[in-house]
Amino acid sequence: MGGQGEESGHPTPDMVLVDGSASLYRAFHALPPLTTSAGVPTHAVLGFTTMLLKLLREEEPQALAIVFDGPGPTTRHREFPAYKAHRPPMPEGLVGQIPLVHRVLDAMRVPVLMVPGEEADDILGTVAFRAAAQSYRVRLVTGDKDLLQLVGERILVRDPLGPRTTGPAEVEGRYGVGPAQVPDLLALMGDSSDNIPGVPGVGEKTARDLLRRFGSLEEVLARAAEIERPKLRQALLAHADQARLSKRLATIRTDLPVPWAIEDLARREPNTAALLAVFRELEFTRLVQQFEQPDLGIGGR
């Protein structure tokens, strides 16, 4: 899909970075339960694999990676133990499918990025910024609104289930603030999905109006005395530290010392024999038929 660079005239390379955990959860909940004849659950593997193959056909990227949360407590958990604490444990039916997904990705020769103690969001942010600095056009495949703060001229967010992409104009149209202000917005309104507290009594509209008026969280807090509504003024004054904590929790890092160079993520041809073996074991009949065709055309460049 690479386009022409504005100045160099050379094709602009495309990179696709997939939020693996979010995509896997979506696949698990989107499809009805499916098992092999031996009773092994496989529907999340099938949904994830089908999504990835469709993505590769549509985007034709020159570079690709799937990003998962690393094991162990994260910096956010250490600073705020209640971070994501309300989330239920991973469904038992999904736990057993994760190694199968990794086997599929290994056979497809798709890089899997994980760092102990680091969240997928921060790995995505770091790799995306590095790639954009090297003139890649990056598609972040996720349904997570936190990642909208990374959107820019060379970084777009793509919906996992379709070709719809979100750029700076779409972020502004949806939330009324620019991508760089998304952490400030979440700091004020909170984020129930991650258990980020925000400021009590401040919803999305109020948070947006405050940022339009003052520009940033720090300006809102510094000039809280100017706010006419007594309850809102008092809430901001009383919960300033909580708002700052919330912004730290909501801000995605783009400077992790990750061990991969952009060249390590170059798209490669799949190991078709290994992939067919996994698909036969999982009884994915349609995918077996698809990969037995020599002119499939989804391999690397």
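Mentor: Start with the element names: helices (H or I, at least four residues) and strands (E, at least two) are DSSP runs, numbered from the N terminus. This is a predicted model, where local features need pLDDT of at least 70 and side-chain atom pairs count only at pLDDT 80 or more, but totals for chains, interfaces and linings use all residues. Residues are numbered from 1 along each chain as its sequence is written, and side-chain values use heavy atoms, with hydrogens and water left out.

Trainee: Which element gives the most to the lining of the largest pocket?

Mentor: A pocket is an open set of points on a 1 Å grid over the protein atoms alone, where a 1.4 Å probe fits, with protein on both sides within 12 Å along at least five of seven lines; lining residues have an atom within 4 Å of a point. Here α1 contributes the most to the largest pocket, seven residues. The elements giving two or more are α1 (20–30) and α6 (120–133). In total 36 residues line this pocket, with S21, Y25, D69, K84 and R87 nearest its centre.

Trainee: How many residues line the second largest pocket, and which are closest to its centre?

Mentor: The second largest pocket has 16 lining residues, and L46, T50, F284, R286 and L287 are the closest to its centre. Two or more lining residues come from each of α2 (43–59) and α14 (285–291).
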